[in-house]
2 protein chains.
Amino acid sequence: MGRWEPGASGRLREAALALYLERGFEQTMVADIAERAGVTARTFFRHFADKREVLFEASADLEKSALAALADAPAPASAMDLVSAALDAAAEVVGTDRELARKRHAVIMANTDLRERELIKLAHLSAALADGLRLRGIDDTEASLAAETGIAVYRVAFERWADDTGGLDLSEAIRMSLATLRTLTASA
Amino acid sequence: MGRWEPGASGRLREAALALYLERGFEQTMVADIAERAGVTARTFFRHFADKREVLFEASADLEKSALAALADAPAPASAMDLVSAALDAAAEVVGTDRELARKRHAVIMANTDLRERELIKLAHLSAALADGLRLRGIDDTEASLAAETGIAVYRVAFERWADDTGGLDLSEAIRMSLATLRTLTASA
């Protein structure tokens, strides 16, 4: 999820999300998005490879920020400290605009292909986090488990944040999910 | 992963896995599988809807066993106790034949579409486990988190078990992963 930008790219993103929610993702054409944003289809394609890209453009940024935070976290750090640092960085990318994140999430949940795409992106992020943890000296199995668990924590936190009607912010929701996980596993 | 059965179905499964590993999944035709198993293509289709079904036939069984174990676990049980019961039941379905499980896993990992299919099956299982936990009175967020975490534990345990060259069994690997998770989160 990118930060809101004025100009064509932001207008296209807003128009696309509105149309996906109104008509469904499949039923929306690039021409419709461009028209709603008041630009040409050619301009759309200068900003996005296709209509799916509008939804996933920020995934690479999110991954880059999360991995950089993991690599830069001060030592000594436990596996879960490193994962927390990565998730906090992800929260900074995603958490700035809850309305945008909610709309994107609603569009994705309503479409099987998009849900699958999102799962694949998260699996990719999990594998990248595990690699990053190994580079920080975390044992192989612990790295996989911490990364997978981190993604689980993130997903649950995201839902809580997206459903929240108060002032909860995403990094706070992540801390709450981590605390819940600690309680859950302590009693196992 | 089904138990080994003598007869056409077992021979077809063995032939299919061997061919997928030798030639690749895409390059293997149903006719090749039937020929290797010494039956007709018609017989293949009496047992499996298509060549992908050979790999995923047991997913429904696994989910059914896991959910039944979760529903039947004696009270009082914490969320992670219930997830453990579900994972133990899954281990009983998958864990009986490591060689078969290894081959299936190698075939799936070598093919993008199959990897995606497996991710989707696991996401489905996670959602079903979370629903089962809610039916057992577990709070909504805890249910999601425990289910997602359970799938993470299972995935890591499966890899450890599949890579093991000694006598580790899958339910033991699951217990080890749960213990690792407890240590990881306690230090967070």
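Where in chain A does P76(A) lie? P76(A) sits in the loop between α5 (59-72) and α6 (79-94) of chain A. Helices here are DSSP runs (H or I, at least four residues), numbered from the N terminus. The peptide bond leading from A75(A) into P76(A) is cis, with omega near -5°. Most residues other than glycine have a negative phi, and most peptide bonds are trans. Chain B repeats the feature: its bond from A75(B) to P76(B) is cis too, with omega near -5°.

Before going on, a word on what you're looking at. This is a predicted model, where local features need pLDDT of at least 70, side-chain atom pairs count only at pLDDT 80 or more, and totals for chains, interfaces and linings use all residues. Residues are numbered from 1 along each chain as its sequence is written, while chains are lettered from A and ligands numbered from 1 in the order in which they are written.

Now for how the two chains go together. Two copies of a chain are related by a rotation about an axis and a shift along it.

What about the surface where they meet? 30 residues of chain B are in contact with 30 residues of chain A, where contact means that the C-beta atoms, placed from the backbone, lie within 7 Å. On chain B's side, α6, α8, α9 and α10 (170-186) each supply at least two residues, and α9(B) gives the largest share, with 11 residues. By class, that side has 14 nonpolar, 9 polar and 7 charged residues. (Ala, Val, Leu, Ile, Met, Phe, Trp, Tyr, Cys and Pro count as nonpolar, Asp, Glu, Lys and Arg as charged, and the others, Gly among them, as polar.) Because 100% of the interface residues of chain B are also interface residues in chain A, the copies meet through the same surface.

Helix α8 (residues 112-135) of chain A and α8(B) pack at an angle of about 100°, with their axes 10 Å apart; axes are lines fitted to C-alpha atoms over the stretch in contact, and angles run from 0 to 180 degrees between N-to-C directions. The two helices are therefore roughly perpendicular to each other, a label for angles of 65 to 115 degrees. E116(A), L119(A), I120(A) and A123(A) make the contact with E116(B), L119(B), I120(B) and A123(B).

Within chain B, which residues of α8(B) are buried? They are E118(B), L125(B), S126(B), L129(B), A130(B), G132(B) and L133(B), with buried meaning that 20 or more other C-beta atoms lie within 10 Å of a residue's own. What covers them includes α5, α6, α7 (98-109) and α9 (140-163) of chain B. Just after α8(B), G137(B) takes a positive phi of about 90°.

Last stop: A91(B), in helix α6 of chain B. A91(B) counts as buried because it has 24 C-beta neighbours inside 10 Å. Leaving aside neighbours within four places in sequence, A91(B) touches L170(B), S171(B) and I174(B).

Definitions and conventions. Contact = placed C-beta atoms within 7 Å. Buried ≥ 20, exposed ≤ 12 C-beta atoms within 10 Å, placed from the backbone. Parallel < 35°, antiparallel > 145°, perpendicular 65-115°, else oblique.
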